[in-house]
Amino acid sequence: MYINCHTYYSLRYGTISEKDLIDIACNDNARQVVLSDINNTSACLNFVRLAQQKKIKPILGIDFRVGVKQLYLGIAKNNNGFHQLNDFLSRHKHNKTTFYEIAPPLDDVIFIYPFHQLLVLNKTTFDKNEYIGINKSELSKLTFSRYSEHRDKLVILNSYTFTSKRDYNTHRLLRAIDNNVLLSKLEPEQQAPLTDQYIPLVQIIEYYEQHPHIIENTQRLLDNCEILFDFSSQRKHQNKLSYTGSREEDEQQISQLCEKRLPYRYKSINDVIIKRLHKELDIIKKMDFVPFFLFNWDIINYAKEKGYYHVGRGSGANSIVAYLLGITDVDPIELDLYFERFMNLYRTSPPDFDIDFSWRDREDVTRYIFEKFGKNGQVALLATYNTFKHSAAVRELGKVFGLPKHEIDKISNGKFVFEQLDKLSQLVLIYARQIEGMPNYLSIHAGGIIISEKPIHYFTSTDLPPKGFPTTQFDMVTAEDVGLYKYDILGQRGLGKIKDAIQLVKNNQPNAENIDIHNVKAFFSDPKINTLISQAQCIGCFYVESPAMRMLLKKLAVSNYLGLVAASSIIRPGVAKSGMMREYILRHKNPERRKNAHPVLKEIMPDTYGIMVYQEDVIKVAYHFAGLDLGEADVLRRGMSGKYRSREEFEKVKKKFIDNCINKGYTKETTIEVWKQIESFAGYAFAKGHSASYAVESYQSLFLKTYYPLEYMVAVINNGGGFYRTELYVHEARKSGGIIHVPCINKSDYNTCLYDKNIYLGLHLLHGLDSKLAMRIINERNKTGLFSSLDNFMHRVPISIEQLDVLIRIDAFRFTGIDKRTLLWEAHDQLSYHKSHHNNQQELFSYTTHKFQLPDFEIGYLEDAFDQIELLGFTLCNPFLLLKNPLPQRLLLSQHLHEYGNKTVTIYGFLITTKSTTASNGKRMQFGTFLDYAGDWIDTVHFPPVSARYPFRGKGIYKLIGKVVEEFGFYTIEVTQLERMPYVEDVRFNTNTRSINKVA
């Protein structure tokens, strides 16, 4: 009798997967299995799916415990019982209350009390759904107990947690990790007994053969339980079935909304547009996905009313209906987007919409969804499983075994020879492999929200994380298996930049024209924007600012929207890995090379020269090249994305792909080559509509950078930057004509602010300045007026000397005309006075403080520079001015590299960023990005021997020696030597350098 079986979703307790459990049951010819994880339902639905495949009757329950102490086992009689169990568990999890020792009366739930627990409770009466669980070790005690009189209430109850002695050891290690104790200090009451091991059915019956009524009661109980969930390919989706309350009204509303929005989206409406619209609407209605579109439309509508900006992406961006409803800003007619990637009659899932909002606005949108659609418990966030990774598992187990930190570091980093390790270290590695991949804890999906027809607790229990939104205990894959499809509500900083930049334009240029940021077609044809793209001058702009994208834009000479759409997908790692990025560039630049494409591939992908660039290319190739139907092609696409890679369904489709190609007359070499291309990149490639959505946001940000560069760069700084550090965006703002000022208590806000061309860095950028103090300064200034002096400031704002030191050294009091050292002297002298006089009441009389005669202090640019480096993380002066030794008079600059092709040069660069990767021989190599003395880019390659011999040594200016290499018009330096140049000594601590510390 497989009752009370645990999987590793009994977190940090169980040791096997739900699949392992099914396999154990199959090998033992068990026909019924009760899965009842401890205070968790994560495995339940996938367990049911797997059990149905193996013709095993799945029964679901929950093992309710406080710590390790078992209170009772709840078993669902049916789906409603599972719903009741989920309600009960979730209520306690949300309220963070312990379970009652007596189970609540739930009509469709059977509760089994452990015999030993009843002895403590002294419970003597039992409802019809309550039973007494007898462990095999308790049979002798039962004979002499009054509970033996309840013959019809006695059932078998053995916990099953591990399958072997090694599993038991793993369990103990997990319990030690969970309790944060050494294994030697783990108490017996913190772990399961060794007897909680899986026992063959025959052996179980032998244990209870002297008590046949217990076996009969148990079998009768199991026979009366049945759980039904539909996992078939013909299943209906479980999402909310109607937006308006009526299917007919839903269909009428979506048609009316599309018709109404046609003139806004298309100045000229032709037959192509009308036919595409009607085709989409017909399939959307046939597949019952109308509510999915209307819910997304409603969410977007709310965001627009609140002034939130959004970007709709994903395969749904291939849809004209989504374009008309305003879910996306991508015109599928203009881009000839492949409709079947978005939806086809073989596809069981609705289209994928990823809707991005500003990182500041997303939480409010999520709140709106829960409040509007979740009143009856029909909305939840999706969970993800955070599993033990090898390095983390080694560290956790190292602590449990009591290894010293240096030993843990050594084996965690892989720098060891296994045979030379001591026994404990070897055990750590052995058991790290054992727990690697097991769930460690539940987390929240990046943006997945489900809105279901039935209450969420019909499918799962929910947790309540700190933000207060109920979260499922299963992940996206399990949700989709049962027919629950997520709405992706995501947050990104790019939209925050756009929103803030537009507001800054209104504030800083009140006479400027209103900006319609969604009128993107005007941006696509703007020559100034396209020139910026062709020159790869895209710093701060969404998705196009990285060194890799800057390189690609120059190599492709991208100068239009369609080119940027392609680049947005080509840059993905899969395309580069397959070698198709280079081949695409070659065919793009050389029409003759396009003849190398396979005729069929060239015919089905003419825009990309017969090269797979987008996700739907997988579908096209599978459908047109290999002859799979669209359903099979979609299985292939999803499998490549990693969602079903291990499933038999995917392996069957892969075999059919290869067999079909051979049968169609393609050579085995051609077939395998095409398959490798699919396999290497499909999991990373974007759908074309998704790439187009990214390109739309890129153009929106490029528009702002082109016409409002200062407002846009300030917005970038205030939204946490982007690919690079804040320092680079300050540099970019200066290049755009901005006058940069360090923070000032009379001019700066919490965020960086702009007055005409003057940019005052925000107080939030100051390292060591408390954010609450920064807000207090702003509020006091807004309430009472500007600060007139240091004394006035200290009188109005309670502050410690450490915090005041930060403000003075960054020169935030420069409006006083008094140097920093004098101000620091005065601050230390006066702070005790102000501490004793601060209160919440206005003083009736003015105050005076002592004035001291101080010497004149000389403050130079070097002292300011080092203060800025310490307090901002960067200096506002040219960093080359900080070098200890002067640079050569004839200095090579990046703009002259084209004159030195294949020649060895010496050039100096300020390090911006590095990227490490693995070369084909498995060794580490790096790429570097620098700025030269003039502020222009230098790009470097560091092959493994150079990377090993000349490692990067942090921020600073480097002397670079290497060969200039050109590829497709893009210049890089293959570095042979690298040296970090020394800065001058910090003048703040060296009085001998006063002579060079003069005002610049």
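Good morning. In general, strands of a sheet pair through backbone hydrogen bonds, in either a parallel or an antiparallel sense. Here, strand 15 and strand 17, the latter covering residues 758–760, pair in the parallel sense over three bridges. Which residue of strand 17 stands opposite Ile-740? That residue is Ile-759.

The average pLDDT of the protein is 91, and 93% of the residues score at least 70. Two stretches call for caution. Residues 839–845 have a pLDDT below 50, and beyond near neighbours in sequence this stretch has two contacts in the model. Residues 993–1000 also have a pLDDT below 50, but that stretch has 19 contacts in the model beyond near neighbours in sequence. Where pLDDT is low, the predicted coordinates should not be read in detail.

Let me turn to the protein as a whole. The protein contains 40 helices and 22 strands. How does its radius of gyration stand against that of a compact globule? For 1000 residues, a compact globule would have a radius of gyration near 30 Å, and the value for the protein, 34 Å, agrees with this. The C-alpha trace spans about 100 × 80 × 65 Å along its principal axes. Of the 1000 residues, 58% count as buried. The accessible surface comes to about 44,300 Å², and carbon and sulfur atoms hold 50% of that surface. Among contacts with a separation of 6 or more, 70% are between residues 24 or more positions apart.

Is Ile-199 buried or exposed? Its relative accessibility is 8%, under the 20% limit, and therefore Ile-199 counts as buried. Leaving aside neighbours within four places in sequence, Ile-199 is in contact with Tyr-2, Asp-28, Lys-136, Tyr-160, Ile-204 and Tyr-207. As for distance across the model, Ile-199 and Glu-863 are 664 residues apart in sequence, and their C-alpha atoms are 75 Å apart in space.

That concludes my presentation. Thank you.

Technical notes:
Residues are numbered from 1 along each chain as its sequence is written. This is a predicted model: local features need pLDDT of at least 70, side-chain atom pairs count only at pLDDT 80 or more; totals for chains, interfaces and linings use all residues. Side-chain values use heavy atoms; hydrogens and water are left out. pLDDT is the predictor's confidence in each residue, from 0 to 100. Contact means heavy atoms within 4.5 Å. Buried means under 20% relative accessible area, exposed over 50%, partly exposed in between (1.4 Å probe, protein chains only). Two strands pair if DSSP finds at least two bridges between them. Helices (H or I, at least four residues) and strands (E, at least two) are DSSP runs, numbered from the N terminus. The radius of gyration is taken over C-alpha atoms; the globule rule is 2.2 Å times the number of residues to the power 0.38. Accessible areas come from the Shrake-Rupley method with a 1.4 Å probe; for residues, only the protein chains shown count as cover.
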